[in-house]
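Student: I have a sequence and a structure to look at. Could we go through them by question and answer?

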Amino acid sequence: MRKETNSFGRYYERQGKYNRSQELFEALLKEDRNSLDGGDKNLLQSMGNLASTFWNQGRWKDAEELEVQVMETRKRVLGEEHPDTLASIANLASTYSNQGRWKEAEELEVQVMETRKKALREEHPDTLISMANLA
């Protein structure tokens with residue numbers, strides 16, 4: 001059931017039906033918070049999905065709040081160089097950028113790019129995406 005709810009949430013988000021997407025992701029998040037600890041993969045996925053919906057709604061502060069929680073938890077649980085952690089940092093940088101917080105966005109994008117260069121090399125697609133985001 002969880003997988004289907006998540007899939008429908010993503011579907012509605014792609015269709016621009018953000019309120020319905022938000023409802024589904026909030027239900028998953030509530031379920032995850034009630035049954036599992038804060039470092040659980042499902043909980044972090046639900047938080048990230050809801051943050052994405054908030055982002056698409058232009059609700060920058062709500063998106064930022066969830067993205068910070070996901071990023072900090074992933075840093076603690078997975079480490080600062082893990083691909084999921086780096087994706088979380090890049091998401092937060094994008095949110096900062098949309099708020100006009102250029103310096104903070106730049107600092108995070110540089111961090112992601114430099115870490116990916118070390119871990120993956122300059123030619124890796126993820127590293128190139130980081131470079132493009134920074135540009």
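Tutor: Helices (H or I, at least four residues) and strands (E, at least two) are DSSP runs, numbered from the N terminus. The model is predicted: local features need pLDDT of at least 70 and side-chain atom pairs pLDDT 80 or more, while totals for chains, interfaces and linings use all residues. Residues are numbered from 1 along each chain as its sequence is written, and side-chain values use heavy atoms, without hydrogens and water.

Student: In which helix does Lys75 lie?

Tutor: Lys75 and Leu86 are eleven residues apart in sequence and 8.8 Å apart in space, C-alpha to C-alpha. Contact means heavy atoms within 4.5 Å. Beyond residues up to four places away in sequence, Lys75 touches Glu80, Thr85, Ile89 and Gln111. The helix that holds Lys75 is H4.

Student: Is Lys75 buried or exposed, or in between?

Tutor: Buried means under 20% relative accessible area, exposed over 50%, and partly exposed in between (1.4 Å probe, protein chains only). The relative accessible area of Lys75 is 22%, so Lys75 is partly exposed.

Student: How are H5 and H6 oriented to each other?

Tutor: Axes are lines fitted to C-alpha atoms, for helices over the stretch in contact, and angles run from 0 to 180 degrees between N-to-C directions. H5 (residues 83-98) and H6 (residues 102-120) pack at about 155°, with axes 8 Å apart. Angles under 35 degrees count as roughly parallel, over 145 as roughly antiparallel, 65 to 115 as roughly perpendicular and the rest as oblique. Therefore H5 is, relative to H6, roughly antiparallel.

Student: Where does Arg121 lie?

Tutor: Most residues other than glycine have a negative phi. Phi of Arg121, however, is near 90°, a positive value. With 58% relative accessibility, Arg121 counts as exposed. Arg121 lies in the loop between H6 and H7 (125-134).
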